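Q: I have a model open and want to talk through its fold. Can you start with how the elements are counted?

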Amino acid sequence: MNDVVLQVQDLAIAFRQETVVDRIGFQVRRGETFALVGESGSGKSVTALGVMRLLPPAARYLDGRAHLHGEDLLRLPEWRMNRIRGRRIAMIFQDPMTCLNPVRTVGEQIGEVLTLHFGLRGTGRRRRVLELLHQVGIPEPDRRIDSYPHQLSGGQRQRAMIAIALAGEPDLLIADEPTTALDVTIQAQIMALLTRLQRQRQMALWLITHDLGLVADVADRAAVMQQGRILETFERRGDKLFERPQHPYTRKLLAALP
Ligand code: ADP
Ligand code: MG
């Protein structure tokens, strides 16, 4: 079981009186793409934010554990959690502007992660930033390193956000609707980038999306979420992921797939 990077058990989260994540459990393993898939409002983002301990103040934990390599994130002191975020677990979002700083260059923002977690500075740091920009497919890294986020295209901003996430060399990357806001061709490019990086680095990729077609294409395992619960999980066999769905809701969702 050493391959289990994240093990979530009995996680339950409420906003005021309403339970929006209802005692769910799942694993994310090293070197795999695990998808949490469900319609909008089913509780996917709250689950991820709960694991990251980034819930809004109105939310509270009712129960649960989230072990990262055996250490329960939900019971760590905040200072420890701060070291884990961005280093052991990184997260990217639908809208890069929610995590890119508009008044700092892309190079500075990647560099900050390298300094914070690895103590890199000066030319060593610059070299690593250029390498990361190159890895995520940003053209002309030595020019783009000095660009501000608004000077990049939407797809390039997404790539810059991925570079920041990778800078910490995380064991687990959580990607919450990473391609939803992008044009179809850019979507495919970003998804290809994520799966390539995930394979190369043997990283665990936790993909959160409402896009069943995407999940059917890229996920090794998937859990279907509805109204805060996980209804059913699937494991890929060959090129088939969603075989023989048991739950009526899952069947209905999958019937819409081409
Ligand atoms: P998903 O990511 O699957 O679209 P979310 O996890 O964002 O869904 O939301 C799950 C539920 O939690 C929804 O019913 C949503 O209305 C509620 N919710 C999310 N964020 C908040 C918030 N800040 N305050 C109150 N309710 C929230
Ligand atoms: Mg969401």
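A: Helices (H or I, at least four residues) and strands (E, at least two) are DSSP runs, numbered from the N terminus. This is a predicted model, where local features need pLDDT of at least 70, side-chain atom pairs count only at pLDDT 80 or more, and totals for chains, interfaces and linings use all residues. Residues are numbered from 1 along each chain as its sequence is written, while chains are lettered from A and ligands numbered from 1 in the order in which they are written.

Q: OK, how many helices and strands are in the chain?

A: The chain has 9 helices and 10 strands. Its radius of gyration (taken over C-alpha atoms) is 18 Å, close to the 18 Å that the globule rule (2.2 Å times the number of residues to the power 0.38) gives for 258 residues, so the chain is as compact as a globular protein of that length.

Q: And what does the C-alpha trace span along its principal axes?

A: About 55 × 45 × 35 Å.

Q: Now helix 6 and helix 7: at what angle do they pack?

A: About 15 degrees, with the axes 10 Å apart, for helix 6 (residues 154–167) and helix 7 (residues 184–201). Axes are lines fitted to C-alpha atoms, for helices over the stretch in contact, and angles run from 0 to 180 degrees between N-to-C directions. Helix 6 is therefore roughly parallel to helix 7; the classes are roughly parallel under 35 degrees, roughly antiparallel over 145, roughly perpendicular from 65 to 115, and oblique for the rest.

Q: Which residues in helix 6 meet helix 7?

A: Gly 154, Gly 155, Gln 158, Arg 159, Ile 162 and Leu 166 in helix 6 meet Ile 186, Gln 189, Ile 190, Leu 193 and Leu 197 in helix 7. Contact here requires C-beta atoms, placed from the backbone, within 7 Å.

Q: What about helix 3 and helix 4, how do their axes cross?

A: The axes of helix 3 (residues 106–118) and helix 4 (residues 122–135) cross at roughly 120 degrees and come within 9 Å. That makes helix 3 oblique to helix 4. On the helix 3 side, Gly 107, Ile 110, Gly 111, Leu 114 and Thr 115 meet Arg 125, Arg 128, Val 129 and Leu 132 in helix 4.

Q: Switching topic: where is Leu 74?

A: Leu 74 sits in the loop between strand 5 (71–72) and helix 2 (78–84).

Q: What does Leu 74 touch?

A: Not counting residues up to four places away in sequence, Leu 74 touches Tyr 61, Gly 64, Arg 65 and Ala 66.

Technical notes. Two residues are in contact if their C-beta atoms, placed from the backbone, lie within 7 Å.
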